[in-house]
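Look at the structure below and keep it in view while reading.

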Amino acid sequence: MARTSMREQMNIGHRGSRRSTLQPTNDDERQALATEVNDIANTVTAPFESKFAPSDMRQLALVAHNHMKPAMKEFIQTYSEVLKKFRITGTQTTMRMCKTLWGEDNPDIEYGLTCTSGPLGGDAQIAALMCMEDLGALIFFVDPLSAHPHQADIDSLNRLSNCGNVIVCPNPTSAMSMMYTLKGALEGGSRGLIPSFFETLESPAVAEYKAQQELALARAVTGGQPGEAAAGRPGLGTDPSMYFRAQDSRPIDTDSDDDDDDDDDDDDEDEDAGELLDEVNVRQARRVSLAEPSFSEAVKEKGLVSNLYGVKPKKRSGARKMMRSIGKSMRKIAF
């Protein structure tokens with residue numbers, strides 16, 4: 001069977017790119033397409049009655065980066081008839097646009113939360129609304145050509161939008177298309193067209209993530225054997241030795257014959273070893289501070305070095321020998 005090249009599969013012509021057969025090629029055709037776009041916009045922006053009150057639905061967020069704010073203002077002006085039917089939330093500048101155009105005290109409009117500016121936490125506030133199950137859609141005009149000091153917040157907002165499976169429009173074209181859908185849902189009273197405004201949804205990946213979390217928890221509780229949890233095996237409780245057995249910590253024999261010449265180390269080295277062991281105890285106590293208090297206290301009482309590394313602190317046969325034993329044990333344990 002002859003192999004078809006990628007160029008042939010894409011039907012690329014001599015100009016090096018595949019184009020739509022309906023792409024305008026002259027001014028008349030471009031004008032005809034612009035007329036079609038305007039006709040659709042006029043249909044969407046015509047006055048209509050919504051079968052849902054703003055309070056019946058979750059909030060609709062409007063966000064725009066600085067270079068995209070003029071485009072957002074034009075978008076709000078054009079599609080006010082649809083947007084006013086929702087509880088609008090957004091960052092500070094965007095909300096100021098809406099209140100200037102529609103009136104801050106307009107009794108026919110129900111505003112949502114006014115968040116702070118994006119770099120000061122506005123994007124994080126909108127993400128929090130999503131986690132609190134009060135956000136149905138996000139219209140976010142992103143500036144793809146500028147660096148943002150709050151990029152981590154932007155990424156978090158976009159990621160949580162995908163986790164929550166809410167409607168997201170990242171540019172004016174997608175937002176314009178969504179206005180047609182939103183109007184159809186409001187005018188026809190169809191919750192099925194915009195389910196994220198009425199119900200908490202989630203990405204298909206969330207179910208798999210939750211299953212993995214349950215498995216990880218079962219392994220932690222049963223010491224690597226999830227099936228034993230169902231069989232009634234007791235949890236870790238407050239006995240730290242069970243925790244360290246679950247982590248497969250094996251004792252180190254500090255009385256081995258390795259480096260017998262270390263037995264002649266002086267008392268000063270023993271004292272240094274003891275001080276270092278005490279410091280290890282303190283640091284390891286901090287590592288388990290997230291565990292339940294009773295468990296953490298029990299670990300501190302029994303001595304972490306003795307339980308975690310299998311080294312007996314009271315039996316010191318030399319500083320170097322003791323530290324070498326600890327080093328061998330640490331290499332065997334995955335922190």
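Apart from neighbours within four places in sequence, histidine 150 is in contact (heavy atoms within 4.5 Å) with His65, Gly118, Pro119 and Asp123. The model is predicted: local features need pLDDT of at least 70, side-chain atom pairs count only at pLDDT 80 or more, and totals for chains, interfaces and linings use all residues. Residues are numbered from 1 along each chain as its sequence is written, and side-chain values use heavy atoms, with hydrogens and water left out.

Histidine 150 sits in the loop between β4 (135-141) and α7 (151-163). Helices (H or I, at least four residues) and strands (E, at least two) are DSSP runs, numbered from the N terminus. With a relative accessible area of 8%, histidine 150 is buried; buried means under 20%, exposed over 50%, and partly exposed in between (1.4 Å probe, protein chains only).

Asp123 belongs to the buried residues of helix α6 (residues 122-131), which are Gly122, Asp123, Ile126, Ala127, Leu129 and Met130. Seen down the axis of α6, these residues fall within an arc of 150 degrees, so they line one face of the helix. The arc is that of the directions from the helix axis to the C-beta atoms. An α-helix has 3.6 residues a turn, so residues three or four places apart point the same way. The buried residues of α6 pack against β1 (59-64), β2 (88-90), β3 (111-114), β4 and α7. After α6 comes glutamate 133, with a positive phi near 60 degrees.

Valine 37, in helix α2 (residues 27-45), is partly exposed, at a relative accessible area of 35%.
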